[in-house]
Amino acid sequence: MTLQPHITLRQGLHMPGKEDRWLSISEICEYLGVSNDTVYKWISKQSLPAHRMGRLWKFKKSKVDAWVESGGTFNKIYKNKDLSNMQD
């Protein structure tokens with residue numbers, strides 16, 4: 001028996017064998033735990049990796065994960081600011 005990898009989204013949605021499919025705006029919002037407005041802002045101002053397909057935005061989870069792990073919005077927002085006095 002082989003085990004299939006799966007994606008576990010924030011709300012516990014499991015998608016066995018679907019790790020490479022395109023995610024919708026609502027799925028990426030649920031996965032990241034943010035609103036639609038935040039995702040649209042990140043697309044336009046913070047280079048969130050997304051692809052426009054007609055009127056719809058689609059996302060690859062692996063690319064979004066890499067963007068988050070590399071600093072995502074933090075890099076652009078705080079790039080030129082003094083962070084020495086920030087709390088952990």
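In the predicted model, the exposed residues Ser-62 and Glu-69 are carried on the face of helix 3 that is turned away from its buried side. The buried residues of this helix are Lys-61, Val-64, Asp-65 and Trp-67. When helix 3 is viewed down its axis, these buried residues fall within an arc of 160 degrees, and they therefore line one face of the helix. An α-helix has 3.6 residues a turn, so residues three or four places apart point the same way. Helix 3 is followed by Gly-71, for which phi is positive, near 115 degrees.

Lys-60 is located in the loop between strand 2 (56–58) and helix 3 (61–69). With a relative accessible area of 14%, Lys-60 is classed as buried, because the cut-off for burial is under 20%. Apart from its neighbours within four places in sequence, Lys-60 contacts Asp-20, Arg-21 and Trp-22.

A further packing arrangement involves helix 1 (residues 25–32) and helix 2 (residues 36–45), whose axes are 9 Å apart and form an angle of about 100 degrees. Helix 1 is thus roughly perpendicular to helix 2, since angles of 65 to 115 degrees are assigned to that class. In this contact, helix 1 contributes Ile-25, Ile-28, Cys-29 and Leu-32, which meet Asn-36, Val-39, Tyr-40 and Trp-42 of helix 2. By residue class, the contact of helix 1 with helix 2 comprises seven nonpolar residues, one polar residue and no charged residues.

How values were computed. Residues numbered from 1 in each chain as written. Predicted model: local features only at pLDDT ≥ 70, side-chain atom pairs only at ≥ 80, totals over all residues. Heavy atoms only, no water. Helix = DSSP H or I, 4+ residues; strand = E, 2+ residues; numbered from the N terminus. Buried < 20%, exposed > 50% of the residue type's maximum accessible area, 1.4 Å probe, protein only. Contact = heavy atoms within 4.5 Å. Axes fitted to C-alpha atoms, helices over the stretch in contact; angles between N-to-C directions. Parallel < 35°, antiparallel > 145°, perpendicular 65-115°, else oblique. Nonpolar A, V, L, I, M, F, W, Y, C, P; charged D, E, K, R; others polar. Arc of directions from axis to C-beta.
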